[in-house]
Amino acid sequence: MARDLLDKVLVREIDGRVLWGRLVEVEAYLGPDDLAAHSRGGRRTPRTEVMFGEPGHAYVYFTYGMHWCLNFVTREAGVPQAVLVRALEPGPGVDRCGGPGLVTRALSIDRALNGAPLQPPDLYVIDDGAPKRRVYVTPRIGVQGTGRWENRLLRYVVDSPALSRPIRGRRLAAR
């Protein structure tokens, strides 16, 4: 699912405005076995409950005491997997989106959208038929101390100046 989201458009409608950006960087989190996932070990808390629900919903959480992060719940109910939105190429009138906190700030995403269905009018993804670019896969960012999960290739990006971090090693994913 993470790879398939790249080059799609994330749309946020708020107060009569339409804000959008093209998805260029995402990370997959694979549920209870993934030591970097919020649901590691099957941990179910009020914060993570959305991940255990139906796919196609936003999982929004606060981190580092200052940033909201947006994830898409991707698996059937009871399988807590999600994709973190790390960077967008911003559309017109949208500020820089080169990091999860910048994405949510630019699109006015906060706790109010936690659990919201990813469908119009509030927050949704569309495929506008843009040409697909080469996809690179790298280890995720900021997951140190998670053993073998630290180096798993679960960050998916297309080459873009809008990335949160440049592509290092340029590991190519087959497309």
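From the N terminus on, the elements of the protein chain follow the order α-β-β-β-β-β-α-β-β-β, where helices (H or I, at least four residues) and strands (E, at least two) are DSSP runs numbered from the N terminus. The radius of gyration, taken over C-alpha atoms, is 15 Å, close to the 16 Å that the globule rule gives for 175 residues, so the chain is as compact as a globular protein of that length; the rule is 2.2 Å times the number of residues to the power 0.38. This is a predicted model, in which local features need pLDDT of at least 70, side-chain atom pairs count only at pLDDT 80 or more, and totals for chains, interfaces and linings use all residues. Residues are numbered from 1 along each chain as its sequence is written, and side-chain values use heavy atoms, without hydrogens and water.

Buried residues (under 20% relative accessible area, 1.4 Å probe, protein chains only) make up 50% of the 175 residues. In strand S7 (residues 135-139), four of the five residues are buried, so S7 is largely enclosed by the rest of the structure. Strand S7 runs antiparallel to strand S8 (residues 153-158), and five bridges join them; strands pair if DSSP finds at least two bridges between them. Across this pair, Thr138 stands opposite Arg155 in S8.

On the surface, Phe62, Tyr64 and Met66 form a nonpolar patch with about 390 Å² of accessible area together. Phe62 lies in strand S3 (residues 58-63). Its relative accessible area is 36%, so Phe62 counts as partly exposed, the class between buried and exposed (over 50%).

Notes. Patch = residues over 30% accessible without salt bridge, like charges linked within 9 Å, V, L, I, M, F, W, Y side chains within 5 Å. Areas by Shrake-Rupley, 256 points an atom, 1.4 Å probe, with all protein chains shown as cover. Salt bridge = Lys/Arg side-chain N within 4 Å of Asp/Glu carboxyl O.
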